[in-house]
Amino acid sequence: MSTQDMTDNTNLVQGETGLWEVVIGMEVHAQVLSEAKLFSGSSTRFGAEPNQNVSLVDAAMPGMLPVINAECVRQAVKTGLGLKAEINLTSVFDRKNYFYADLPQGYQISQFKQPIVGEGSITISLKDGSTHEIGIERLHLEQDAGKSMHDQHPSKSYIDLNRSGVALMEIVSRPDLRSAEQAGAYIKKLRSILRYLGTCDGNMEEGSLRADVNVSVRRPGEELGTRTETKNLNSVRFITQAINYEVQRQIEIIEEGGTIDQETRLFDTSTGTTRTMRGKEDAHDYRYFPDPDLLPLVLSEEVVSEIEAALPELPDEIRARMTGEYGLSDYDAAVLTEEKETAAFYEAASAGRDRKLTANWMSVELFGALNKASLDLDSSPISPDQLGALVDLISDGTISGRIAKDVFADMFETGKAAADIIEEKGLKQVSDSGAIETLIDSVMQANEDKVAEYRGGKDKLFGFFVGQVMKQSGGQANPAMVNQILRQKLDG
Amino acid sequence: MSVDKSTVKKIAKLARIAVSDEETDTIASELNHILNWIEELNEVDTDGVAPLASVTGHNLPLRQDAVTDGDKVDQILANAPEQASGFFVVPKVVE
């Protein structure tokens with residue numbers, strides 16, 4: 001069930017005249033991972049020279065005909081299945097007509113009435129531990145436009161058509177989101193699913209994933225308010241800023257007796273505010289009609305089943321396995337599955353050993369150290385095998401957890417194996433009961449007064465003795481054995 | 001369904017076609033003829049009949065995902081009224 005029907009008091013926004021509920025829907029444009037464009041054989045590679053990746057089809061030269069790329073179709077189906085959505089075996093391409101300098105055809109080939117993918121859903125998890133199911137209304141395939149540059153010349157725009165005709169998946173959510181935080185969690189989860197599926201690289205900086213947000217406010221439980229659409233947001237931070245700004249702006253207007261215009265707005269990244277797009281009063285009259293150059297796209301059940309059978313494990317499934325089979329906390333499982341690479345690193349590091357201990361070492365020590373050094377996981381100086389080997393040395397009692405932290409720091413610094421560092425520095429844990437007894441005896445001798453106090457009933461001193469023994473051993477005594485032998489000697 | 005003068009002007013504007021006032025009446029009348037003619041099709045009972053997209057019986061042909069085209073900047077820009085550094089150059093269209 002969606003959160004749509006429930007008035008969730010935690011997300012209400014306080015205005016001058018009372019509480020407001022925020023309603024958000026998102027349209028995400030995800031660039032399909034493919035070699036060639038949706039309807040032509042030119043490359044999708046990012047960063048090419050201007051107009052290098054352009055064919056006569058992409059430039060809309062007269063007489064050119066579009067021929068659809070089979071891989072883009074497969075990728076859309078795969079994404080649909082990953083969003084637990086229905087796949088429409090027949091879908092139709094339409095022309096969406098508008099004029100803009102970076103749209104040489106004068107129309108975008110899109111899917112209007114019959115998209116390739118129908119209703120699905122995404123489950124998002126928030127910081128407070130709650131989960132929400134967000135409805136997906138549809139996913140359709142369409143062409144990207146070219147790129148306009150306005151800062152090269154005082155009175156001219158420069159047009160590069162390299163992106164023109166690249167396949168996009170437009171993924172439309174239901175208006176089920178109730179806060180900027182939820183919207184942020186939604187785009188992160190969607191990005192994660194796309195990256196696990198390998199259908200979009202999710203690179204928001206390069207524009208491979210960008211979002212339009214529809215925002216409206218209403219009194220809790222009342223009819224939907226008029227919405228505005230803020231276009232082309234390419235980071236989680238901008239999405240959050242744009243929503244928060246729109247919510248405040250709309251509440252202020254309504255509370256002062258005004259009304260919201262249904263309009264398209266632009267986000268200004270330098271100020272974090274939105275503003276009206278000028279001169280677009282006819283912009284929404286797209287006069288869609290079926291593209292006469294393209295027959296309906298018909299898929300067979302077999303093709304869809306084949307794609308379904310080859311689906312990779314998705315973040316929700318991996319998370320369930322981590323909390324169930326491995327016994328990890330929800331939090332650890334969430335952190336370890338957010339990025340595909342993180343999950344792969346963890347699986348490799350923890351295979352065949354203590355899963356929980358490995359998770360701790362990865363999410364606390366490794367992430368902490370990487371963060372401090374401003375490094376990504378893929379440039380980690382410690383490999384999954386090396387981290388795993390360290391965990392083994394803790395598990396089998398060769399070193400204590402405290403010593404392991406020093407070893408870890410050394411590994412991170414030098415890239416050496418844990419076993420070599422322990423050997424070189426003589427850090428091996430003392431698990432020889434004779435040696436530990438000797439240490440304990442000397443500590444007890446040096447602190448006879450405290451021994452007497454302890455035996456007189458001052459139990460709290462036990463920790464003091466443990467500390468002293470560990471200190472004497474340079475941290476290398478096996479703490480469990482120290483506890484056990486100390487207890488015998490003091491109580492005996 | 002019928003088309004009046006203001007509809008003709010709106011369609012012309014959306015299509016970026018200049019239509020003079022004198023032409024508007026003629027076009028409205030011609031469009032109405034065409035629409036009336038098409039409306040005769042409404043007499044046919046199509047309940048339960050799927051829309052027909054093509055009479056050829058062909059399915060949409062698919063292309064392999066391979067780079068087979070591009071790298072022809074000179075040809076692409078050959079008809080451009082203005083160009084610079086490999087870009088098309090057009091009057092400023094900034095929002």
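**View 1. Chain B meets chain A.** Let's begin where the two chains touch: 34 residues of chain B are in contact with 42 residues of chain A. On the chain B side, α1 (5–14), β1 (62–63), α3 (73–77) and β3 (87–91) each supply at least two residues. Of these elements, β3(B) gives the largest share, five residues. Sorted by class, the side of chain B that touches chain A has 18 nonpolar, eight polar and eight charged residues.

**View 2. A parallel strand pair links the chains.** Here strand β3 of chain A, residues 68–69, lies alongside β1(B). The two strands run parallel and are joined by two bridges. To find your way, look for Ile68(A), which has Leu62(B) of β1(B) opposite.

**View 3. One open sheet takes strands from chain A and chain B.** Four strands line up in the order β9(A)-β10(A)-β3(B)-β2(B), with antiparallel pairing. At the edges stand β9 (147–149) of chain A and β2 (83–84) of chain B; each has a single partner strand, so one side of each has no neighbour in the sheet.

**View 4. The join between β10(A) and β3(B).** Moving into that sheet, we come to the place where strand β10 of chain A, residues 156–160, pairs with β3(B). Four bridges hold this antiparallel pair. Which residue of β3(B) stands opposite Lys156(A)? It is Pro91(B). Further along, Ile159(A) has Phe88(B) as its bridge partner in β3(B).

**View 5. The hairpin of chain B.** Ala84(B) faces Phe87(B) of β3(B) across the pair. Two residues lie between the strands of this hairpin, and in the turn Ser85(B) has a positive phi of about 50 degrees.

**View 6. A three-strand sheet within chain A.** This open sheet has the order β6-β5-β16 in chain A, and its pairing is antiparallel. The edge strands, β6 (107–110) and β16 (289–290) of chain A, each pair on one side only. Strand β5 of chain A, residues 94–97, runs antiparallel to β6(A) and is joined to β6(A) by four bridges. A handy landmark in this pair is Lys96(A), opposite Gln108(A) of β6(A).

**View 7. Helices α1(A) and α2(A) cross.** Helix α1 of chain A (residues 70–82) and helix α2 of chain A (residues 180–197) have axes that come within 10 Å and cross at roughly 125 degrees. The two helices are therefore oblique to each other. The crossing of α1(A) past α2(A) is right-handed. At the contact, Lys78(A), Thr79(A) and Gly82(A) of α1(A) meet Ile193(A), Leu194(A) and Leu197(A) of α2(A). That contact comprises three nonpolar, two polar and one charged residues.

**View 8. Helices α9(A) and α11(A) pack together.** In this view, helix α9 of chain A (residues 384–395) packs on helix α11 of chain A (residues 418–425), with an angle of about 50 degrees and axes 8 Å apart. So α9(A) and α11(A) are oblique to each other. From α9(A), the contact takes Gln386(A), Ala389(A), Leu390(A) and Leu393(A), and from α11(A) it takes Ala418(A), Ala419(A) and Ile422(A). By class, six of the residues in the contact of α9(A) with α11(A) are nonpolar, one is polar and none is charged.

**View 9. Helices α12(A) and α15(A) pack together.** The axes of helix α12 (residues 433–446) and helix α15 (residues 479–491) of chain A lie 10 Å apart, at an angle of about 55 degrees. This angle makes α12(A) oblique to α15(A), and their crossing is right-handed. Ser433(A), Ile436(A), Glu437(A), Ile440(A) and Met444(A) of α12(A) make the contact with Met481(A), Val482(A), Ile485(A), Leu486(A) and Lys489(A) of α15(A). Seven nonpolar, one polar and two charged residues make up the contact of α12(A) with α15(A).

**View 10. Confidence along chain A.** How confident is the prediction here, by mean pLDDT? For chain A the mean is 92, and 97% of its residues reach 70 or more. Please take care over residues 1–5 of chain A, where the pLDDT is below 50; beyond near neighbours in sequence, this stretch has 12 contacts in the model. Where pLDDT is low, predicted coordinates should not be read in detail.

Conventions: Residues numbered from 1 in each chain as written. Chains lettered and ligands numbered in written order. Predicted model: local features only at pLDDT ≥ 70, side-chain atom pairs only at ≥ 80, totals over all residues. Contact = placed C-beta atoms within 7 Å. Nonpolar A, V, L, I, M, F, W, Y, C, P; charged D, E, K, R; others polar. Pairing = 2+ DSSP bridges. Axes fitted to C-alpha atoms, helices over the stretch in contact; angles between N-to-C directions. Parallel < 35°, antiparallel > 145°, perpendicular 65-115°, else oblique. Left-handed = near helix turned anticlockwise from the far one by under 90°. pLDDT = per-residue confidence, 0-100.
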